[in-house]
Amino acid sequence: LKHIVILSPQWLADVVAKVTTFSHRWGTKGVISEDIMNNSIWCEYDQNLKATLTALMVKCELIKPMRSNVKQYFVPALLPVLSDSTSQDSFQHSLGFWFETVPHSIPSHERAFVWECDPSGFFPRMMMRLMHMRLAIISRWRDAAVILYQSEIGFLQIQSQPGGGAILRVRVRTLKSTNNKVKTKKAHAMNLRPVSLISLIAQTISRLYRSDFSNLHMEEQIICSSCLINGIKNPYIFGHEECV
């Protein structure tokens, strides 16, 4: 790809948009086959060009090859948003799994990433990077995800703010140590303190921000765990610098 020169960025944007927009009827669940992409969406392009365009989209974290018998790609831009009525059913099922497997006495570990401007494209690319790790994304939308990792489960959601900007919230809980399908010995070893998943997600967010979004101002906030334990409605919020 380093030998490719794009003479018309608008042409490239139009080609990519053929896959990542809802102008076609395929990939409504965020997955599209290579056959559909090459023979239907990009049918007017040369085969060698199709291979180059696919490699470019993978490199830019716009699509991700999936492990399946039929060659398919995960396209996060084609996922529904959480506010869709059909998505809400899936969301309730996923959070039902969360609260069924998490005792209320174990609070969330929470972080918030606050943006002054809307970071368009950040959440899908973050999801791409999380999929490269050993994480089970049990539900995913264009703006939210429920993730399972060993003895921990997390919920991520990015929302636009009324006054401008956006906030990405991350909540992580430890699964019950008994009587659940995802029981692991690590829950005991960790003394029911969910630190691994929250660290993986926070590191992924920070690295993506530093590499591709550092021109936008972002503030990381860490929610006081003691306040969560005591059920305080307005918990104290630490700045990242206070916790380093």
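**Reading salt bridges**

Modeller: E220 forms a salt bridge with R111, their closest N and O atoms lying 2.8 Å apart. E220 belongs to strand 9 (residues 218–223) and R111 to strand 4 (residues 109–115), so the pair ties together parts 109 residues apart in sequence. Strands (E, at least two residues) and helices (H or I, at least four) are DSSP runs, numbered from the N terminus. This is a predicted model, in which local features need pLDDT of at least 70 and side-chain atom pairs pLDDT 80 or more, while totals for chains, interfaces and linings use all residues. Residues are numbered from 1 along each chain as its sequence is written, and side-chain values use heavy atoms, without hydrogens and water.

Biologist: What is a salt bridge, and how many are there?

Modeller: Side chains of opposite charge can pair when their charged atoms come close. The rule requires a side-chain nitrogen of Lys or Arg within 4 Å of a carboxyl oxygen of Asp or Glu. By this rule the count is seven.

Biologist: Is E220 buried or exposed?

Modeller: Buried means under 20% relative accessible area, exposed over 50%, and partly exposed in between (1.4 Å probe, protein chains only). E220 counts as buried because its relative accessibility is 9%.
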